[in-house]
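Trainee: Hi! Could you walk me through this protein when you have a minute?
Mentor: Happy to. Let's bring it up and go through it together.

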Amino acid sequence: QTPQTVRMKPGSSGSSSSKEDYGPGWTQLTDHGKIYLSKKEKNVFILEGTKSAGFSACAYGGSTEERGFVDSGSFSLTAELKCMPGDQAPDQQVFVLVDCASMSDLSSGCDFCGVRLSFDGREVRVESHRRNATLQTLFAQPNCSLLRAQNYVTLVVDFQGDTMSLTLSGVSIVRNLPLDRQRAAGGAPGVGLAVYGKSRCYLRRFRLSQLSPQARSAEDAASMAIAPYTGTARSTGSPATRRSSAPTPAAAAASYAAGGLPPNI
């Protein structure tokens with residue numbers, strides 16, 4: 001599949017262009033899924049998964065100024081989005097990618113750190129994926145009443161070095177969460193959006209900005225906030241153990257869509 005780019009411009013009707021036209025827009029990273037502009041909501045970008053298992057993902061290019069913020073390693077990401085389930089998209093798993101090295105249809109080929117918004121399970125998680133390695137859940141906040149299908153939420157991620165702070169619709173979720181992700185020298189984190197399974201995400205705003213001095217000072221001074229549940233780099237066993245005890249791919253995919261850990265399939 002040829003990578004596609006969608007640009008969000010005032011008055012655009014939802015056309016796509018080839019990667020050669022790449023600019024301030026979205027480029028599809030996986031064979032699964034489709035990206036397009038909404039015909040009902042102005043300047044709303046849609047990412048829709050087309051397979052019952054696996055990721056559908058796209059990367060945000062941004063302007064030269066925005067890329068400079070990301071290259072610096074300290075930036076703020078604001079995403080206003082909602083999950084729109086339906087007959088063709090019954091799942092409700094959305095990921096905001098904040099440190100993406102590579103994406104694959106299969107979770108075993110992914111290398112990224114992202115904020116997972118489980119709208120059906122009403123849970124916020126921060127997950128770290130590595131190629132051919134066990135998923136790590138770095139943080140989890142269950143019973144999040146802000147997450148409701150068909151309702152927009154605003155996620156703000158303050159990314160500084162190797163720590164992350166999250167705010168959801170004005171409510172602080174976690175501060176100074178260590179990510180423990182080593183990048184190649186000179187490598188900048190990639191940012192974007194992903195869905196798992198047949199999930200449909202509407203994105204109304206996606207903005208990169210410089211981390212404010214106030215946020216820098218707060219993150220330098222504060223420790224990670226206490227939450228009802230935090231996952232300390234949790235794993236589910238070695239690859240050998242998973243092969244002997246893992247459920248079938250279909251059962252694992254169904255479990256993940258319902259809020260469980262994603263299968264390495």
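Trainee: What does pLDDT average over the protein, and how many of the residues score at least 70?
Mentor: This is a predicted model, and the protein averages a pLDDT of 78, with 69% of the residues scoring at least 70.

Trainee: Where does pLDDT stay under 50?
Mentor: Residues 8-23 are one such stretch, and the model gives them 34 contacts beyond four places in sequence. Residues 261-265 also have a pLDDT below 50, with 26 contacts in the model beyond near neighbours in sequence.

Trainee: How should the coordinates be read where pLDDT is low?
Mentor: Where pLDDT is low, the predicted coordinates should not be read in detail.

Trainee: Let's go inside. Which residues have the most contacts in the largest nonpolar core?
Mentor: Leu77, Leu81 and Leu193 do, in a core of 45 residues. Strand 7 gives the most to this core, contributing 5 residues. There is also a second, separate core of 10 residues, with Phe95, Met103, Cys110 and Ala194 among them.

Trainee: What does the side chain of Ser76 make a polar contact with?
Mentor: The partner is the side chain of Asp158, at 2.9 Å. Beyond four places in sequence, Ser76 touches Val156, Val157 and Asp158, and also Arg207, Leu208, Ser209 and Leu211.

Trainee: And Gly73, where is that found?
Mentor: Gly73 is in the loop between helix 1 (64-72) and strand 7. At 13% relative accessibility, Gly73 is buried. Setting aside residues up to four places away in sequence, Gly73 touches Phe159, Gln160 and Gly161.

Trainee: How many residues apart in sequence are Gly73 and Pro189?
Mentor: They are 116 residues apart in sequence, while their C-alpha atoms are 7.5 Å apart in space.

Trainee: Which side chain does Glu48 join in a polar contact?
Mentor: Tyr36 is the partner, and the contact is 2.7 Å. Apart from neighbours within four places in sequence, Glu48 is in contact with several residues, including Gly33, Lys34, Ser56, Val195, Ser199 and Arg200.

Trainee: Are Cys58 and Cys100 buried or exposed?
Mentor: Cys58 is buried, at 0% relative accessibility. Cys100 is buried as well, with a relative accessible area of 14%.

Trainee: Last topic, backbone angles. What is the phi of Asn43?
Mentor: Asn43 has a positive phi of about 55°, although it is not a glycine. Asn43 lies in the loop between strand 4 (34-37) and strand 5 (45-48). With 28% relative accessibility, Asn43 is partly exposed.

Trainee: And what about the phi of Asn143?
Mentor: Asn143 also has a positive phi, of about 55°, and is not a glycine. The loop holding Asn143 runs between strand 11 (136-141) and strand 12 (153-160).

Trainee: Why does Asn143 count as exposed?
Mentor: Asn143 counts as exposed because its relative accessible area is 73%, and exposed means over 50%.

Key
Residues numbered from 1 in each chain as written. Predicted model: local features only at pLDDT ≥ 70, side-chain atom pairs only at ≥ 80, totals over all residues. Heavy atoms only, no water. Polar contact = N/O pair within 3.5 Å; in protein donor to acceptor, adjacent residues only side chain to side chain. Contact = heavy atoms within 4.5 Å. Buried < 20%, exposed > 50% of the residue type's maximum accessible area, 1.4 Å probe, protein only. pLDDT = per-residue confidence, 0-100. Core = buried A, V, L, I, M, F, W, Y, C linked by side-chain atoms within 4.5 Å. Helix = DSSP H or I, 4+ residues; strand = E, 2+ residues; numbered from the N terminus.
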